[in-house]
Amino acid sequence: MVTAGLAGATALGAPIGTFIGGLGGWRGTLWSVAGLGLIAMIGVSLVLRTIPTPPRITLRERLRPLHDSRIALTLLTTLFAYGGLLMVYTYIGLTLDHITKGNVGVLAGILFLWGVAATAGNLLSGRLVDRFGSREIINGALIVAAINFAALPWTSAHMGTGLVSVAIWGISGWGLNVPQQHRLVTLAPHVAPLLLALNNTALYAGLACSGLLGGIVILVIDVHYLSLVGSASIFVALVMAELAHIRIIQRASAQPRETADV
């Protein structure tokens with residue numbers, strides 16, 4: 001549900017921010033974000049109860065779970081997957097210019113579609129994980145996302161196929177985070193909050209790397225083929241996910257019930 005809030009905010013925030021930027025420039029968008037942040041700060045201070053401060057955890061203790069290869073490989077899955085998925089998102093105005101024609105309103109509508117699909121994928125994946133376990137949903141989301149990105153240079157040339165690709169992108173991309181979290185929590189439930197924090201760190205590290213790598217790539221190749229690089233990164237994530245599963249099988253061979261879920 002927390003992730004759904006983030007996806008839902010993306011569904012509204014990205015297109016609204018794009019629209020505001022088209023009207024008043026990027027400064028107007030940032031002032032709008034600052035205003036919303038102020039409102040949120042006031043709301044948190046007035047409505048939420050005080051939560052006791054947890055015991056202090058050193059950086060060494062926070063990184064200790066990385067010594068477990070199952071957890072490290074799962075976090076690498078998140079890093080490479082979102083590095084690929086968000087590489088195209090960072091430069092979406094350029095990669096989809098065939099269908100937006102430089103129209104900010106059309107781009108805002110596409111971002112809204114992406115956000116709605118992301119929210120739907122997030123909520124749907126939670127139910128699917130409960131039914132099938134995390135491995136099937138992780139692999140399925142990564143395979144669909146990789147194929148979709150491999151075809152994007154051609155599907156994005158037309159409005160109809162481009163919108164279908166954007167919807168698939170949102171569903172598979174945000175449908176991945178829930179089973180990733182499920183796998184991590186199942187592996188070490190006693191440090192679940194810490195693992196979820198590390199997963200978010202891996203996600204945002206992927207975002208940071210995607211912007212940098214994507215900026216370098218489009219200096220060398222046509223920006224419309226950027227998704228091919230993203231697809232390759234997602235494929236690496238699939239390899240990491242399967243390596244994580246192999247390590248889970250090796251470590252939990254005496255616990256087949258737990259293994260089946262992760």
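In the predicted model, helices α9 and α10 cross in a right-handed sense. Helix α9 spans residues 177–187 and helix α10 residues 192–217, and the two pack at an angle of about 140° with their axes 9 Å apart. Angles over 145° count as roughly antiparallel, and α9 and α10 are therefore oblique to each other. On the α9 side, the contact is formed by Asn177, Gln180, Gln181, Leu184 and Val185, which meet Ala192, Leu195, Leu196, Asn199 and Leu203 of α10. Divided by class, this contact of α9 with α10 comprises six nonpolar and four polar residues, with no charged residues.

The contact of α3 with α11 contains 17 nonpolar, eight polar and three charged residues.

A search of the whole structure identified one cavity of 30 Å³ or more. The largest cavity has a volume of about 40 Å³ and is lined by Tyr82, Leu85, Leu86, Trp114, Trp169, Gly173 and Trp174. Helices α3 and α8 (159–175) are the elements that give two or more residues to this lining. By class, the lining of the largest cavity consists of six nonpolar residues and one polar residue, and no charged residue takes part.

Terms used: Residues are numbered from 1 along each chain as its sequence is written. This is a predicted model: local features need pLDDT of at least 70, side-chain atom pairs count only at pLDDT 80 or more; totals for chains, interfaces and linings use all residues. Side-chain values use heavy atoms; hydrogens and water are left out. Ala, Val, Leu, Ile, Met, Phe, Trp, Tyr, Cys and Pro count as nonpolar, Asp, Glu, Lys and Arg as charged, and the others, Gly among them, as polar. On a 1 Å grid over the protein atoms alone, a cavity is a set of points where a 1.4 Å probe fits but cannot get out, and a pocket is an open set with protein on both sides within 12 Å along at least five of seven lines; lining residues have an atom within 4 Å of a point. Grid points are joined across faces, edges and corners, and a volume is the space filled by probe spheres set on the points. Helices (H or I, at least four residues) and strands (E, at least two) are DSSP runs, numbered from the N terminus. Axes are lines fitted to C-alpha atoms, for helices over the stretch in contact, and angles run from 0 to 180 degrees between N-to-C directions. Angles under 35 degrees count as roughly parallel, over 145 as roughly antiparallel, 65 to 115 as roughly perpendicular and the rest as oblique. A crossing is left-handed if the near helix is turned anticlockwise from the far one by less than a right angle, and right-handed if clockwise. Contact means heavy atoms within 4.5 Å.
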